[in-house]
Amino acid sequence: MVRASRRLLKDAANIGKAFSDFLACPLSKQPLRHCEDSQSRISETIGVSFPIIDGIPCLVPKDGKLLEDQNKSQVENGADPSSGNSERDLLLAVNIWVTGLI
Amino acid sequence: MASAAPPPASSSWGCGRRRRVRCSAERQGLFSRIAPVYDNLNEVLSLGQHRIWKRMSVSWAGAKRSDRVLDLCCGSGDLAFLLSQKVGPDGQVSALDFSKDQLLIATARQDLYWKACYKNIEWIEGDALELPFADSYFDAITVGYGLRNLLDKHKAMKEIFRVLKPGSRVSILDFNKSTSTLITQSQEWMIDNVVVPVASNYGFSREYRYLKASIAEYLTGKELEKLAKEVGFSDAKHYEIAGGLMGNLVAAR
């Protein structure tokens, strides 16, 4: 019974990972890459990461954070990542991406 | 939305008693505030009938074993749990909502009820107007008491159409905005004399007063059918249930 429980939990973890692989970027609609280190979903197309909080992927467009901002905040180690300009920068990134498609 | 705190109640409602809940953030705040009592109030106010309406809605969606399905505006998960049993352990249920508080209650219920098939549910915080899914991904979609609360219903229907596989159906359950004066007056009477007083016992009379305005601003059955066809659905039919108080739109891509 213990072995069966362990197998169920392992299967659940694998299902969870495979399951989440189908999620797409809410803006570009392209597949997301799962990042184990930051526990986030990365949209390579527009360079934005979306957090996973309490096990729930947060894929609201304005929850996205530019990868550059995220890397900077990690380097500065403790600086407040939620700057007032993050939403503006996200919109700028989307604008750049959309312009590139035209 | 994780990065924006919901507006405090006083600023949400302003000075006028008839001020409408206009923006998405206000509506999100409303649903987050009522999250702790949402299920209880659904049960009490519908005398348990909401369970029947939701089962009907899921049947209309046509979900079957091993399907990939979406429950949009999932709230605390009622429809997602029903879909989970329909599609079984080899299926997938994506359940999306803009309220983190509602989703946390859904996950708590998932742990509490625990059935093996519930492992097939993925909860997602997202925007119904910008769905995080590829085109033509789902075999069936349900929306329970959600479309009426979306500010841009046309865009929402376009997104639903986009992520639905050709030949598949969406089933949208909600209050019925009736063309019958009798039904409309009955709805308004019940909201004023039953729903709001009961909700006030839970401390949410203002939040549930929103219901009357939101039904008045919603689309009639015919208008919903027309909207579905405008965005590309090949067929759309609106069914009135619960004596005309509720309605369910079924649209096929």
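Biologist: Why is Ser28(A) called buried?

Modeller: Ser28(A) has a relative accessible area of 6%, and buried means under 20% relative accessible area, exposed over 50% and partly exposed in between (1.4 Å probe, protein chains only), so Ser28(A) falls in the buried class. This is a predicted model, in which local features need pLDDT of at least 70 and side-chain atom pairs count only at pLDDT 80 or more, while totals for chains, interfaces and linings use all residues. Residues are numbered from 1 along each chain as its sequence is written, chains are lettered from A and ligands numbered from 1 in the order in which they are written, and side-chain values use heavy atoms, with hydrogens and water left out.

Biologist: Where in chain A does Ser28(A) lie?

Modeller: Ser28(A) belongs to the loop between H1 and strand E1 (33–35) of chain A, where helices (H or I, at least four residues) and strands (E, at least two) are DSSP runs numbered from the N terminus. The C-alpha atom of Ser28(A) is separated by 8.1 Å from that of Ser43(A), a residue 15 places away along the chain.

Biologist: What is the overall make-up of chain A?

Modeller: Chain A has three helices and five strands, which follow one another along the sequence in the pattern α-β-β-β-β-β-α-α. Of the 102 residues in chain A, 37% are buried. The chain exposes about 6,400 Å², of which carbon and sulfur atoms supply 55%; such areas come from the Shrake-Rupley method with a 1.4 Å probe, and for residues only the protein chains shown count as cover.

Biologist: What makes Lys29(A) stand out by its phi, and why is Lys29(A) placed in its burial class?

Modeller: Lys29(A) has a positive phi of about 65° although it is not a glycine, and its place is in the loop between H1 and E1 of chain A.

Biologist: Which elements of chain A give two or more residues to the side that touches chain B?

Modeller: Those elements are helix H1 (2–20) and strand E4 (56–57) of chain A, and the largest share, six residues, comes from H1(A). In total, the contact (heavy atoms within 4.5 Å) takes 22 residues from chain A and 28 residues from chain B. The two chains bury about 2,000 Å² between them, 66% of it on carbon and sulfur atoms; buried area is the accessible area (1.4 Å probe) that two parts lose on being put together, summed over both.

Biologist: Why is helix H6 (residues 153–163) of chain B described as mostly covered?

Modeller: Eight of the 11 residues in this helix are buried, including Met157(B), Glu159(B) and Phe161(B). The buried residues of H6(B) pack against several elements of chain B, among them strand E5 (164–175), H9 and strand E7 (246–252).

Biologist: What makes Lys229(B) partly exposed?

Modeller: Lys229(B), also in helix H9 of chain B, has a relative accessibility of 46%, so it counts as partly exposed. Leaving aside neighbours within four places in sequence, Lys229(B) is in contact with Asp235(B) and Ala236(B), and its C-alpha atom is separated by 9.8 Å from that of Met157(B), 72 residues apart along the chain.

Biologist: Why is Ala242(B) called partly exposed?

Modeller: Ala242(B) has a relative accessible area of 29%, and therefore it is partly exposed. Ala242(B) is found in the loop between strand E6 (235–241) and E7 of chain B, and it has a positive phi of about 55° although it is not a glycine.
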